[in-house]
Amino acid sequence: MFRSLKRLQAVFLMFLCCCGATMAQLHRYSVGFGLSERDFVDTIPIRFENNQLYVEAMMDDGSMRLLNFDTGSSQGMVYYGGGFDTDDELGNIVSRDANGRKDTVRVVRLPDFRLGKVWVSNYVATVIDRPHGRRKFDGILGFDLVNKGLLCKIDVRNGWMILTDRKRFFDNEEGFEVKYKLRWFVPHVWVSPFMRHVDEALFDTGSPPLYSMNKQSFDQHAYKSKNVESQVESRSRGHLAIGNYGAEAVDEVVFLSLDRLKWGEFSFRHVSSLTTQGGSRVGAALLNYGSLIINPLRKRMTFQPYNGTDTCEVQNRQFNMAFVPVHGRTAIGLIRETCDEYQQGLRQGDIIVSINDMLIPDFQTFVNFRFVKGETYLFTVVDQEGREKKIWSVRQ
């Protein structure tokens, strides 16, 4: 199951009442939040679990909040009932998730919190209902932390992140550089999934996979080169990406087995990937293979491979099924026609009724179900015509 907490368009609509009439005031994207330190270097402990990056924030009462550091979000985000005081309202924002779905949500100023030794004040965040399955963390720390002018080095092998406002602090560090460009205030890089082809991708630590490719971008590449089609494993119809406001639309999904994915002069070898309806993304799995320096002053990202060479083997497993919420229930969003479950009759759109005779009344129950890798489970499903099926599935 793939999830993505995505970038927000930073166009704020703040509604004020004046002389009995309602007037709209634009509340623009801002990195005007305050930092308690200047000319500082701080090493902050981080956690990296299931290809997601977490940092702890200490509130002024000494309590801790767990934040997901998501470079695909332009600003912070917290959840209703998630432990943050959200009473200091600033207005509303029209927000768009990675699947293009929009909603109007509240904007608030968070209470002061501390990252490492640095206190952050007047930090702005949106407030939304907690998306399906996201219970582990209390909120999101967005790319505005970097856009503020802080240089950042992430090293998940050693479990730390360096933050500094010293402009030349990382100048002597070597690695493989790529440029990035800000779109909607989040970083987009250029990578090469096929020979002589370049793809613009959001660098998104909120997305677990190493790389996923926009379907329209794939079609454009495939039209130009037979080399692209040679790296297609299979095709299916379905959907898998779950944004803040729902799953992406059903469409053709292409399963890819890339010979290499180029990051500048560095090559990730044998990468399994697929297409989605959202934009192309390079995700947090990149951090398994090396540390990363982000320099907002030069708009550069420097990848420093742990193996000290210019290539690494990925050989990640391609998945067979994806699950999405449909009207609150758990549905098969995508299934590969080559897998055993498909041969048993499981199809895209089937609704899961129970697993091992445990009722699954909603998507959150499914998310909380304790699967064990390698174990076999009996799925009872109902297809779109109301017919019940029993499917045996080994958890991958």
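Predicted model: local features only at pLDDT ≥ 70, side-chain atom pairs only at ≥ 80, totals over all residues.

Student: Which residues have the most contacts inside the largest nonpolar core?

Tutor: A nonpolar core is a set of buried Ala, Val, Leu, Ile, Met, Phe, Trp, Tyr and Cys residues joined through side-chain atoms within 4.5 Å. Buried means under 20% relative accessible area, exposed means over 50%, and partly exposed lies in between (1.4 Å probe, protein chains only). Here the largest core has 64 residues, and Phe113, Trp263, Phe268 and Leu286 have the most contacts inside it. Strand S24 (residues 251-263) gives the most to this core, with five residues. Helices (H or I, at least four residues) and strands (E, at least two) are DSSP runs, numbered from the N terminus. A second, separate core has 18 residues, including Tyr342, Ile352, Phe363 and Phe366.

Student: What is tryptophan 263 in contact with?

Tutor: Contact means heavy atoms within 4.5 Å. Leaving aside neighbours within four places in sequence, the partners of tryptophan 263 include Phe176, Val191, Phe268, Leu286 and Met301.

Student: Is threonine 71 buried or exposed?

Tutor: Threonine 71 is buried, with a relative accessible area of 0%. Its place is in the loop between strand S7 (64-69) and strand S8 (76-79). Not counting residues up to four places away in sequence, threonine 71 touches Phe143, Val186, Pro187, Phe203, Asp204 and Thr205. With phenylalanine 203, a polar atom of the threonine 71 side chain lies 2.7 Å from the backbone oxygen.

Student: Which residues of helix H2 are buried?

Tutor: An α-helix has 3.6 residues a turn, so residues three or four places apart point the same way. In helix H2 (residues 215-224), the buried residues include Lys215, Ser217, Phe218 and His221. Seen down the axis of H2, the buried residues fall within an arc of 155°, so they line one face of the helix. The arc is that of the directions from the helix axis to the C-beta atoms. On the other side of H2, Gln216, Gln220, Tyr223 and Lys224 are exposed.

Student: How many salt bridges does the structure hold?

Tutor: A salt bridge is a side-chain nitrogen of Lys or Arg within 4 Å of a carboxyl oxygen of Asp or Glu. The structure holds 18 of them. In one, aspartate 88 pairs with arginine 109, with the closest N and O atoms 3.0 Å apart. This pair links distant parts of the chain, 21 residues apart: aspartate 88 is in the loop between S8 and strand S9 (89-96), and arginine 109 is in strand S10 (residues 102-109). Aspartate 88 is partly exposed at 35% relative accessibility, and arginine 109 is partly exposed at 28%.

Student: How far apart are the closest N and O atoms of glutamate 173 and lysine 153?

Tutor: They are 2.8 Å apart, in a salt bridge. Glutamate 173 is partly exposed, with a relative accessible area of 31%, whereas lysine 153 counts as buried at 10%. Elsewhere, salt bridges that share partners join Lys215, Asp219, Glu229, Arg235 and Glu252 into one network.

Conventions
Residues numbered from 1 in each chain as written. Heavy atoms only, no water. Polar contact = N/O pair within 3.5 Å; in protein donor to acceptor, adjacent residues only side chain to side chain.
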